[in-house]
Amino acid sequence: MNMQKIGVLGAGTMGSGISQVFAINGYNVTLIDISAAALDRAMDAVDKSLSRLLSKEKITGQQKSDALSRIRTGVNLSDLADCDVVIEAATENLELKLQLMAQLDAIVRPEAILASNTSSISITRLAAATTRPERVVGLHFFNPVPVMALVEVIRGLQTSESAFDSMEALAKAVGKTPVKVKNSAGFVVNRLLCPMLNEAVFALSENLASASEIDEAMKMGANHPIGPLALCDMIGLDVQLAVMQVLFESFKDSKYRPAPLLVEMVEAGYLGRKTGRGFYQY
């Protein structure tokens with residue numbers, strides 16, 4: 001299947017980054033969101049990101065102009081009808097994703113592939129919400145999408161070999177390094193990473209050290225490029241909490257229990273960089 005038209009559902013940080021990566025690599029992208037304001041912010045983010053690449057002479061002015069022209073935006077799901085692949089990049093919420101997958105299934109042509117950028121939710125379960133479960137694949141990009149090389153390609157129980165292989169090839173085509181992953185809560189990276197971030201929140205709540213000291217310790221002692229609490233702020237505390245809840249509910253193991261401080265901060269609306277306050281102020 002010749003894949004040239006890519007749909008992206010959700011114009012947040014991940015959706016805008018995914019759109020940029022495909023557009024700069026020559027694909028036509030349709031970016032959809034229910035909010036016109038969110039679409040404007042997404043296109044502004046893409047413009048600024050491409051401008052940074054231009055200033056570093058990693059792309060030319062013509063490449064920037066071409067990439068921007070390849071992204072069209074809209075607020076109607078029906079605009080995705082002619083896409084070869086649609087990547088769902090909505091909020092990490094099971095009920096929302098199930099609803100969106102069912103809606104996409106009814107709109108997008110039967111031979112198209114539905115992919116989800118979920119960071120923790122079962123691809124098998126999402127696939128079951130459609131009439132084409134064999135053509136549903138997990139395609140988990142990492143933030144910031146234009147910079148991070150990894151894409152987890154997740155196979156649900158129903159996913160066909162051809163659909164899985166085509167998504168692995170698509171990830172390579174946009175310069176990413178795919179890792180094949182079997183469906184399981186949190187997949188590989190977040191199964192390992194999020195419990196570590198959660199433990200850093202426990203350490204902070206127990207006053208073992210300040211947020212900056214915890215981060216500095218992990219940067220200097222474990223050679224991490226960014227500390228766990230600063231990374232949590234970058235990811236979004238709400239996303240971190242959602243992943244921990246999925247892990248806890250899936251495995252019923254207390255080691256995945258979300259830190260109470262994390263829960264309270266999300267309840268307070270302190271979600272990290274996107275709200276200007278998390279473990280640090282921005």
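Student: Which residues does serine 116 touch, not counting residues up to four places away in sequence?

Tutor: In this predicted model, serine 116 touches Glu88, Lys97, Ile123, Leu126, Val137, Gly138, Leu139 and His140, with residues up to four places away in sequence left out of the count. Serine 116 itself is found in strand 5, which spans residues 113–116. Its relative accessible area is 1%, so serine 116 counts as buried, the cut-off for that term being under 20%. The side chain of serine 116 also reaches the backbone nitrogen of threonine 118, at 3.1 Å.

One of the residues touched by serine 116 is His140, and that residue leads on to the next element. Histidine 140 lies in strand 6, residues 136–141. With a relative accessible area of 4%, histidine 140 is buried as well. The contacts of histidine 140 include Ser116, Asn117, Thr118 and Ser119. They also include Leu150, Val151, Glu152 and Ile154, together with Phe187 and Asn190. With one of these, glutamate 152, the side chain of histidine 140 makes a polar contact of 2.8 Å. The peptide bond from asparagine 143 to proline 144 is cis, with omega near 0°. Most peptide bonds, by contrast, are trans.

Sorted by class, the lining of the second largest pocket comprises five nonpolar, six polar and three charged residues.

Elsewhere in the chain, strand 1 (residues 5–9) pairs with strand 2 (residues 28–32) in the parallel sense, over five bridges. Four of the five residues of strand 1 are buried, so this strand is largely enclosed by the rest of the structure. Leucine 9 has isoleucine 32, in strand 2, as its bridge partner. Strand 2 also contains valine 29, which is buried at a relative accessible area of 2%. Apart from neighbours within four places in sequence, valine 29 is in contact with Ile6, Val8, Ser19, Phe22, Ala23, Arg70, Ile71 and Arg72.

Valine 201 touches Leu229, Ala259, Leu261, Leu262 and Phe279, residues up to four places away in sequence not being counted. The C-alpha atoms of valine 201 and leucine 229 are separated by 7.2 Å, although the two residues stand 28 residues apart along the chain.

Two loop residues complete the account. Most residues other than glycine have a negative phi. Glutamate 57, however, has a positive phi of about 60°; its place is the loop between helix 2 (36–55) and helix 3 (61–69). Asparagine 223 likewise has a positive phi, near 60°, and is found in the loop between helix 8 (211–221) and helix 9 (228–235). Glutamate 57 is exposed, with a relative accessible area of 72%, and asparagine 223 counts as exposed at 67%.

Technical notes:
Residues are numbered from 1 along each chain as its sequence is written. This is a predicted model: local features need pLDDT of at least 70, side-chain atom pairs count only at pLDDT 80 or more; totals for chains, interfaces and linings use all residues. Side-chain values use heavy atoms; hydrogens and water are left out. Buried means under 20% relative accessible area, exposed over 50%, partly exposed in between (1.4 Å probe, protein chains only). A polar contact is a pair of N or O atoms within 3.5 Å; within protein, one must be able to donate a hydrogen and the other to accept it, and residues adjacent in sequence count only if both atoms are side-chain atoms. Contact means heavy atoms within 4.5 Å. Ala, Val, Leu, Ile, Met, Phe, Trp, Tyr, Cys and Pro count as nonpolar, Asp, Glu, Lys and Arg as charged, and the others, Gly among them, as polar. Two strands pair if DSSP finds at least two bridges between them.
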